[in-house]
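Please find below a colleague's note on the structure shown here. It is arranged as numbered points for reading beside the coordinates.

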Amino acid sequence: MGKPTGFMEFERELPADRDPVERLRDFDEFHRHLGDERVRDQGARCMDCGIPFCHTGTTLPEDSPFASGCPINNLIPEWNDLVYRGMWQEALERLHKTNNFPEFTGRVCPAPCEGSCVLGINEPAVTIKNIEVSIIDKAWDEGWVVPEPPERRTGKRVAVVGSGPAGLCCAMQLNRAGHRVTVYERSDRAGGLLMYGIPNMKLDKRLVQRRIDQMAAEGVTFVTSTEVGVDVEAQQLVDDYDAVVLCTGALKPRDLDVPGRQLEGVHQALDFLHANTKSLLDSGLADGEYISAKDRNVIVLGGGDTGTDCVGTSLRHGCRSLFQFDIIPAPPDERTAGNPWPEWPKVYNLDYGQEEAAALFGDDPRKYLLSTVELLDDGGGRLRGLVTRDVEWVPDNGRPFREVPGTEKEWPAELVLLSMGWLGPQDTLPDALALERDPRSNVKAEEGRYATSVPGVFAAGDVRRGMSLVVWAFKEGREAARECDRYLMGTTSLP
């Protein structure tokens with residue numbers, strides 16, 4: 001590496017975020033940037049570690065629930081070194097070799113690469129995620145990112161269904177291989193969850209639209225407000241195109257089966273987030289076409305990134321109070337024996353939404369080991385609160401936990417947001433094509449090949465693997481493009 005002693009000379013440094021209370025006044029991004037010289041110092045911390053676990057995404061052991069390293073195999077040590085040397089354009093070239101949209105992962109990825117950093121064994125890990133986003137943001141500022149249309153066309157036509165992270169990566173790769181690519185998106189804007197599932201303060205939608213505009217300039221056609229299987233027959237795509245790649249996500253939400261579920265004021269998390277971002281983009285929230293948390297007692301059921309996004313959005317609306325309930329135990333402060341390096345560390349941390357709630361209300365809003373057993377009616381069909389019961393994580397009639405009798409507690413709430421995970425893809429498109437499913441209801445397609453049970457139809461991302469991280473969708477979208485290209489041409493040069 002350029003500075004073998006850099007990890008001993010420089011401490012880990014990240015840019016300070018905007019003040020938690022101040023940033024609640026808008027939906028602007030809350031992250032700031034370090035200057036070039038300070039980013040170079042952070043690049044110098046990357047060790048000559050011999051075996052860089054950071055850039056190999058895998059699970060260790062194979063049955064572990066925790067990922068290790070970068071799923072798209074970013075060339076992390078290389079571009080860290082290039083940034084240290086001030087060779088920013090060369091760093092961009094390395095970054096784009098494996099990642100179509102590093103400004104997205106550099107903002108929303110939880111950075112499993114940092115959890116596998118060798119320096120992280122006994123020191124704070126290298127700031128890989130921040131270096132990544134610094135490279136690509138500088139590249140856009142300098143005008144280094146430009147449309148790259150293919151030199152020649154193959155004459156083959158491909159339909160990509162879904163314009164989320166897997167669909168965008170797949171479409172960009174197939175188009176650059178020379179195929180004519182049409183992307184179908186049921187929403188009014190392309191981008192999928194990047195556009196409507198992740199709030200603007202975490203990923204500015206101008207950045208998403210900028211990439212879509214780039215892809216359009218390269219020759220990709222986007223057809224929005226069109227749901228395949230509803231507005232267009234699924235079989236028509238199979239008949240009209242040389243190949244079809246399904247990248248529709250896994251958006252069948254887990255619901256809450258308790259008395260009162262039908263009450264006004266109970267919503268799925270993505271419905272809440274989608275409506276907020278659409279109204280924000282359409283009118284700056286002036287049209288009122290969103291689910292408002294203003295002056296309401298809000299409870300978010302479930303953790304994870306989506307739950308955090310519901311917390312941050314509710315706070316910006318001006319909610320009266322806010323809690324976030326989870327049925328699982330609180331994570332430990334440090335790694336447990338069952339979660340060793342180089343796996344992603346499943347430990348307690350204060351994400352942006354919880355940080356904002358703590359700054360506004362005085363405490364982390366999360367409460368653990370709680371099960372919601374009833375939603376309460378105000379007498380007019382509207383939600384007025386909910387009842388919880390404590391749980392213990394001991395086996396009970398086939399469940400991994402049991403509810404503790406006599407621990408019921410009532411909580412005031414006029415808005416409850418369900419963020420309890422997903423059960424697989426929605427059925428419309430898989431049923432229309434009679435696609436084979438796996439035991440979890442995902443579209444069955446072997447990893448590495450991505451071919452479904454219907455010839456010429458491929459599946460990638462959450463529709464195939466179940467709800468996961470953006471970076472895994474990037475990996476599958478790119479790899480599915482490679483296999484689709486091989487199917488069309490007999491061979492492929494796509495990575």
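The points below concern a predicted model and take up a sheet, a pocket and several individual residues.

1. The sheet. Five strands make up an open sheet with parallel pairing, and their order is β7-β15-β8-β9-β10. The edge positions belong to β7 (266-268) and β10 (366-367); each has a single partner strand, so one side of each is left without a neighbour in the sheet.

2. The pairing of β8 with β9. Strand β8 covers residues 297-301 and strand β9 residues 321-325; the two pair in the parallel sense over five bridges. Within this pairing, Asn-297 stands opposite Ser-321 of β9. As background, strands of a sheet pair through backbone hydrogen bonds, in either a parallel or an antiparallel manner.

3. A helix on the sheet. Helix α13, residues 304-317, lies across β8, β9 and β15 (415-418). The angle at which α13 runs to β9 is about 175°.

4. The second largest pocket. Its volume is about 600 Å³. The lining consists of 25 residues, and those nearest the centre of the pocket are His-96, Lys-97, Glu-148, Gln-173 and Arg-176. Elements contributing two or more residues to this lining are α4 (88-98), α8 (165-176), α10 (205-218) and α17 (470-489). Of the elements, α4 gives the most, with five residues. By residue class, the lining holds nine nonpolar, nine polar and seven charged residues.

5. Gln-42. Which residues does Gln-42 touch, not counting those up to four places away in sequence? They are Glu-11, Arg-12, Glu-13, Leu-34, Val-126, Thr-127 and Ile-131. Gln-42 belongs to helix α2 (residues 36-44). Its relative accessible area is 2%, and Gln-42 is therefore classed as buried, the cut-off being under 20%.

6. A cis peptide bond. Most peptide bonds are trans. The bond from Trp-341 to Pro-342, however, is cis, with omega near 10°. Pro-342 is located in the loop between β9 and α14 (352-361).

7. Positive phi values. Most residues other than glycine have a negative phi. Asn-73, in the loop between β2 (67-68) and α3 (76-84), has a positive phi, near 60°. Leu-369 likewise has a positive phi near 60°; this residue is in the loop between β10 and β11 (370-377).

8. Exposure of these two residues. Asn-73 has a relative accessible area of 34% and is partly exposed. Leu-369 is also partly exposed, with a relative accessible area of 29%.

Terms used
Residues numbered from 1 in each chain as written. Predicted model: local features only at pLDDT ≥ 70, side-chain atom pairs only at ≥ 80, totals over all residues. Heavy atoms only, no water. Pairing = 2+ DSSP bridges. Helix = DSSP H or I, 4+ residues; strand = E, 2+ residues; numbered from the N terminus. Contact = heavy atoms within 4.5 Å. Axes fitted to C-alpha atoms, helices over the stretch in contact; angles between N-to-C directions. 1 Å grid on protein atoms, 1.4 Å probe; cavity = no way out; pocket = protein on both sides within 12 Å on 5 of 7 lines; lining within 4 Å. Points joined across faces, edges and corners; volume = space filled by probe spheres on them. Nonpolar A, V, L, I, M, F, W, Y, C, P; charged D, E, K, R; others polar. Buried < 20%, exposed > 50% of the residue type's maximum accessible area, 1.4 Å probe, protein only.
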